[in-house]
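The structure is shown first, and the discussion follows it.

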Amino acid sequence: MRAACVVPALLLAVSCGGGSDLALYDPGALTSRAQLLDARRETRAYDGAPPVIPHEVDARGRQNCNSCHTPGATDNPARVGPPRSHPAWGDCRQCHVEQLARDRFTGSNLDALWWPASGSRLYSSAPPTIPHALQNRQLCEVCHIGEQAPLALRASHGPRDNCTQCHVGGTR
Amino acid sequence: MTANRREFLKRMAAAWTGASFAALAGCGDDQQPVSQAILDDPGVTWSKAPCRFCGTGCGVMVGVRDGKVVAVAGDQQNPVNLGLLCVKGYHLPGILYGEDRLAMPVIRENGDERESPMEEALDYVADRFKQIVDEHGKESIAVYGSGQWTIQDGYAASKWMRAGVGNNNVEANARLCMASAVTGFLTTFGKDEPMGCYDDFEQGDVFVFWGNNMAEMHPVLFSRILARKKSVPAVQLVDIGTRRTRTTEASDHYLEFEPNSDLAIANAIAREIIEQGWVNEDFVSKHCLFKKASEDIGYGLRDEGAKQNPMANEQIGFEEYRRFVSKYTPEYASEISGVPASQIRDLAKLYGDPRQKVVSLWCMGMNQHTRGTWINNLVYNLHLLTGKISQPGNGPFSLTGQPSACGTVREVGTLTQALPAGRRVDNPEHRAYAAKIWDVPVESLAPKPSMHTMAMFRNLATGKLKGVLIQVTNPMVTLPDLNWFKEGIAKHKPFIVVSDVYPTPTTEVADVVLPAAMWVEREGCFGNSERRTQQWNQLVDPPGEALPDSTITVEIARRMGHGKLFPWEGEEALARGLYEEYREFTIGVGKDVALYDDLKRARGLRWPVVDGVETRWRYAEGSDPYVPAGAEFAFYGNHSLGDRAVIWQRPYQEPPESPDDEYPFWLATGRVLEHWHTGSMTRRVPQLHQAQPKAYVEINQEDARTMGLSDGASVKLVSRRGELTLDARVGGRGEPPTGRVFVPFFDESLLANVLTLDAHCPISKQPDYKKCAVRLEKV
């Protein structure tokens, strides 16, 4: 089982709206958290913004986001995408948009908010705090627990029922 | 499969099935506007504001660090959106910081262009306007704004023109956008704006989209309806459209109709309601009456001869109305519309079934229509005949495109005929009331409407109007039959001042460009589609010498000698002063807006707000404080008609231009999810630009095959007015049927409006951007 994410830099090398040779990256190759977070930033305007769709979308298969982004929808490792962490919203492409071009209309001076790369610990074996907002991230499992979670973000322990019992918000 | 994975899937599945829209409010972090982790970041402060973009009026939390907006989050405390935004809303931070943001005024004179300090530019503008008025009279200048004006901006502009200069030359782009909605409300109910509210979306059983791609244009509200459908699978979504869209995909039923034939379909549904005995006779006899009006009213074309007064009308009886609609059998409507008669019958049954609560929704499809007022009336007819109105989950809902088309243009009254809070310039009592609040002699107020938007720009293009201040809109992209206006303006060279935030085709034709503060760079209020007034504070400084539009207007007015009208000093005092004075107009006429301090605290309040309590369903006893006890319902906008709403007799008529041998395709224009109107803000956000980099033409697969066109091929569109070469989009997110094409208008370098026709509804004066004839040529 692999988490299917995309290296945006590679994706964006694909010509506008054209080819389908999208490069999926092997999470094993991006074991460092820093690399993973860098790749993540490429797909967002700021932390908390919905990521753009980092792959081509077949317009004909419009309602099929769920066929790859629902847990357990497929066991085909090439087609397993990260499940959404906010299951109530059903109209995926209201927020997540495909990218058809690489150019810019004008430059931007946005100084975006990026969350810290990791939470803080009071001492070495204390549970880390949560370094990011929880809005639209209700399912910790998606990124942190289990085989579909990227290695670099995966918790060192298995699923327990109440993550926020030990991990609390706070970046100071 | 490992035990861990099975366990994981079980947990995920449970989370997925248990979730709903409402359940998400506040989830993750008990009712915190944004979750604790980022609230705790000492460098970032979070404050509420309504979204800058559409008429939905979502609440956003705006994150500010070191004087710059660095992020936004959906406001979980705002009942409009419960924490969800659309892709435009999430990308709000980007619209402030495009590299070419206007920061200094520019003056163009005698072929030269120079940057100038704001004080000097304002002096220059005021001098030129004064000169023009001295030379050509007070009718020679005008102000043109938009539904993106804050309430304060619109009020300042209206007061300046009417009480200061002494004319009624105030218009706004909302004329192009929802004027037919206004005249639809006024002719049927005597008062503007919806009776229902967004709460209807959690209570309706049937949602009917009349020419409305809600999935892309009001995505957060559409998500509320999808959530309703998810929680109650028996809920039905019906799309009545001229092309397949994302809304069609989510709907249970799709009725595809020939452009303009919605008039026939609505009449056929009314006929079925009557003939099948589904009329709510108690409601109709107590709360409605019937009228007919002149029908030879033309299409507002430039070279059109004299037509009947479209407002001339008379009362008729139910029997006469019944005889009139009886010819609209489902079969007859099917012949006109191409919609199978069985589908029309099925839809009529949904409207007629007393157990089904029905919400009708529409936006530009019904408003940008040469019979826009009529089709609004005809859909109201369905709700009135069945008594499905002003009740939770039951009612017609006219969606608004812009963030304050309601709050500013309609409520403040920035259309030529309007005074604040539903009053009219041609009513002597209304003028007297305004003169008293404005402390000017009543004789100084011009007693007649002057120019609607189309007339204003026709007058600019023919040299009759000499000067204009344009704020927060981009007419050199949005006017229909654009080349005609551009050529006229180039020839007659009226004095044009534009205040805006980025360079646009409109700033290009300006003699003076003034940089404007936008959104949270200033304080203001918007009013959304459900009568909700929302206030926000200034959170960051505007760039360079940029000022809020209201301040620009007030500073020009002061320099022209109208300073007495604006006694407030400083931005905060001005924002509060303009609002509080405007509020006086609203009290007691059913538009009572909330106290400014209450708005500062609340996530918006829906007017009429009486004794601090908002109103969810207007005209209904128990919900609307203006309805007397025992009345059940009172359409008090029609007080002279006994508080009754009007059921209108309106026929189907053909549009002014239809496809023929030479121009065989229908062209409709419109918006896309990713871009706001002409794209001047959203195209500067990389994620949005890259998602929709340029305009295109959607073509049906069969037409594309016949012409030998594949997706992405170049194709030239030619109309009687202009031509435009675009990439073909075949099998994209929207698909028109054969014989029809669609072009979005956001792209300033591929202007859809060189093709469109400037025909408009003779009652509302709103142009029809949805119907004209073109031919396609392979390039």
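Is Arg531(B) buried or exposed, judged by the other C-beta atoms within 10 Å?

## Basis of the description

The structure is a predicted model, in which local features need pLDDT of at least 70 and side-chain atom pairs count only at pLDDT 80 or more, while totals for chains, interfaces and linings use all residues. Residues are numbered from 1 along each chain as its sequence is written, and chains are lettered from A and ligands numbered from 1 in the order in which they are written.

## Backbone exceptions in chain B

Arg531(B) is buried, with 26 other C-beta atoms within 10 Å; by definition, a residue is buried if 20 or more other C-beta atoms lie within 10 Å of its own, exposed if 12 or fewer, and partly exposed in between, with C-beta atoms placed from the backbone. Although not a glycine, Arg531(B) has a positive phi of about 70°, and its place is the loop between strand 20 (524–527) and strand 21 (532–536) of chain B. Strands here are DSSP runs of E with at least two residues, and helices are runs of H or I with at least four, both numbered from the N terminus.

Glu193(B), likewise not a glycine, has a positive phi of about 85° and is found in the loop between helix 7 (179–189) and strand 8 (206–210) of chain B. Glu193(B) is buried, having 24 other C-beta atoms within 10 Å. A further feature is the cis peptide bond that joins Trp607(B) and Pro608(B), with omega about -5°; Pro608(B) lies in the loop between strand 22 (605–606) and strand 23 (645–649) of chain B. As background, most residues other than glycine have a negative phi, and most peptide bonds are trans.

## Domains and their contact

An automatic or database domain assignment supplies the domain bounds, and for chain B it gives domain 1 (106–177 + 413–559), domain 2 (180–399) and domain 3 (665–756). The C-alpha centres of domain 1 and domain 2 of chain B lie 34 Å apart. Their contact takes 7 residues from domain 1 of chain B and 10 residues from domain 2 of chain B, two residues being in contact if their C-beta atoms, placed from the backbone, lie within 7 Å.

## The surroundings of Lys88(B)

Lys88(B) is found in helix 3 (residues 87–90) of chain B and counts as buried, with 26 C-beta neighbours inside 10 Å. Leaving aside residues up to four places away in sequence, Lys88(B) touches Phe53(B), Glu674(B), Trp676(B), Thr682(B) and Leu688(B).
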